[in-house]
Amino acid sequence: MALPPDSDGPADERRKESMSKKKKACEMFGSMVFNEEVMKQRLSNTCYRAWKKCVEEGTPLSLETAHEMAAEMKNWAMDRGATHYTHWFQPMTGVTAEKHEAFITPQEPSRALMQFSGKELVRGESDASSFPSGGLRATFEARGYTAWDPTSFAFIKDGSLCIPTIFCSYGGQALDKKTPLLRSLEELSRQAVRVLRLFGDDDVKKVTSQVGAEQEYFLIDKDVYSRREDLLLTGRTLFGAKPPKGQELEDHYYGTIKPRVAAYMEELDEELWKLGIYAKTKHNEVAPAQHELAPIYADANTACDHNQLTMEIMKKVAGRHNMVCLLHEKPFAGVNGSGKHDNWSLSTDTGLNLFKPGSTPSQNARFLLFLTAFIKGADEYQELLRCTVASPGNDHRLGAQEAPPAILSIFLGDELTAVVDAIIQGTEYVDQGKKTLSIGVDMLPHIPQDTTDRNRTSPLAFTGNKFEFRMLGSSQSVTGPNVALNTIMAEELGQFADRLEQAEDFNAALHQLIRDALRDHQRIIFNGNGYEDSWVEEAERRGLSNLTCTADALQTYLQPKHVELFRRHNVFTEEELAARNEIHLENYCEVLGIEARTMLDMVRRDIFPAVSAFSGEVARSVAAKRSVLADLDCGSEEDLLRRLSALTGEMMAQTAGLERALAEPRGEDAYGLAHYYRDTVFAAMERLRAAVDQLETITSARYWPYPSYTDLLFSIK
């Protein structure tokens, strides 16, 4: 049937709908952010220039400027429905914190105005004693301060104007994650600019680390989730027999996204775009019910803020779709866990990526110097980098054939490794085009990008113009690893600048420096399979650390060289670093303690009664059959009953063992206590789980008190 002349066909309708969505996406992006474009429109030229100078040069803002910015922030936020403001900060809990204050101010008589002053914008006060401080604050010393970070844009969330701030104690010690990040960024820029000056680059005023944090996560049905006490209390399943089907067929990876998940992802994108977060890529991951979101790069400060917001919004949006977003590193045994890949590079304010190989000898010399600094730093501070990703959840994942091993190494790829080898050996380099070049500072070859395969087993992989730090756990803040990367790079660049600034012949000194550093630190370069047992042996021969768990890793955290590194670059005082170590150790023990107590609760209150009831049914079935015919064969039922009885006895014996382990935790110090929880408590938890998981496989589903792995992993249609 022909369409009327003035009627649009299906193709036109689809095209209009597509154009409408594109327009909507563009209009909503950053709509809830008081960004630079908004400032240009709403602030006076004087105020805007003062803010710009503050961001670029660190010039303090006057109170008059703060008052104008606060007033315009308030008006802009109220135009979008906000009624409150909050200083949004990142304490040592790993999540964000907020204290909301209404704009409303009383006026006489019985009247009110909506006000927000410059003083309220710049500084707030919070109860510092109720956040982890690692001994920096006593319980009775309650006062803590939040101070506005003008380099992070304010935004609206849940009807409140959120102002990104740092969080410090009454005495000025950093109690948060943002403060050391800002310190490390300042020091990194200072040292990188020193190096660039030696190459004759006088235009660059600032160098910033750029970060893109890929985020893996699981989605499960909320109704199923609510029936699992372990997921509710710990974020992971403490019990669960392997399902008949997991990820063996590899059919979920990059597979068609289910409609319910697609609807979630669409709304998630929209919510993130409103907050100015460049959510770019989404796809199914390897495990059933597992997915990934990847953003476009941003400066490290913004990227760290955005990743915290991303994790929060992921959980919030999931609830609207009657789903739960799980960010634990290993919510399900037997299938892949979730990580977070921290893509890290260096960029100048003139638009140069310092990890991008160039097309001229001088550009390649600069690239190779920065590459060498990273290699040297990763080798010298491998234990520190391992510490930044240490957590109870990540212990289940690192080295488990789904994530990099706990041994730190760098993947460069064959071509770049060949260049490095030629420099070390002082030989000629032959590129893939068979062009032979001597390796000298003025004759470094053109280094093509992306000429090698990716290595998913490498903790630190060079991928063309950046390093991908693949060891991070999915639930952790990316701030800690980036503080370490920034500070380590600042240290190495500072050492290089000290040496080269004194050189009489810059080119000769540069060549010798690169060669010496690569020769001394080439042990950290490994392009092979990190999952093979032979790599563990090879790494040991090379002298690389293999810190397999958090308890081992944290013992290296306060090494004198780590303390001196952070002290020298004004990132952490010794007291601040020690406090963080204490917080990490305490968290490790507390998490394992909560998990162990949850297991005991589940066994005592639900699993044991369920298995006993099912055993009773089997026993009654045997008795009923025998009452009808005494010599009736009941061998199958009797075998099942014996297995149920034996495993129930094993379960209760292991339950008693775990109770004893928890009753008297002991250790000579915090490290000893952490090792006790790992070696004694966690080992007892694993033995109890083994007995329970076997019981699940032979107990009727009608009796088993919790949803199975099949229910959890395949509940979303």
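Analyst: Tyrosine 278 sits in the loop between α9 (259–274) and β11 (279–284); helices (H or I, at least four residues) and strands (E, at least two) are DSSP runs, numbered from the N terminus. Bear in mind that this is a predicted model, where local features need pLDDT of at least 70, side-chain atom pairs count only at pLDDT 80 or more, and totals for chains, interfaces and linings use all residues. Residues are numbered from 1 along each chain as its sequence is written, and side-chain values use heavy atoms, with hydrogens and water left out.

Tyrosine 278 counts as partly exposed because its relative accessibility is 42% (buried is under 20% relative accessible area, exposed over 50%, partly exposed in between, with a 1.4 Å probe and protein chains only). Tyr278 forms a nonpolar surface patch with Ile296 and Tyr297, and together they have about 280 Å² of accessible area. A patch here takes residues with over 30% relative accessible area and no salt bridge, joining nonpolar side chains (Val, Leu, Ile, Met, Phe, Trp, Tyr) within 5 Å and like charges within 9 Å. A salt bridge would be a side-chain nitrogen of Lys or Arg within 4 Å of a carboxyl oxygen of Asp or Glu. The areas come from Shrake-Rupley with a 1.4 Å probe, and for residues only the protein chains shown count as cover.

Most residues other than glycine have a negative phi. Alanine 289, in the loop between β11 and β12 (290–295), has a positive phi of about 70°, and at 10% relative accessibility it counts as buried. Asparagine 322 also has a positive phi, about 55°; it lies in the loop between α10 (300–320) and β14 (323–326) and, at 30%, is partly exposed.

Nine bridges join β15 to β10 (residues 207–221), running antiparallel (strands pair if DSSP finds at least two bridges between them), and serine 209 stands opposite leucine 346. Five bridges join β15 to β20 (residues 467–473), also antiparallel, where asparagine 343 has glutamate 468 as its bridge partner.
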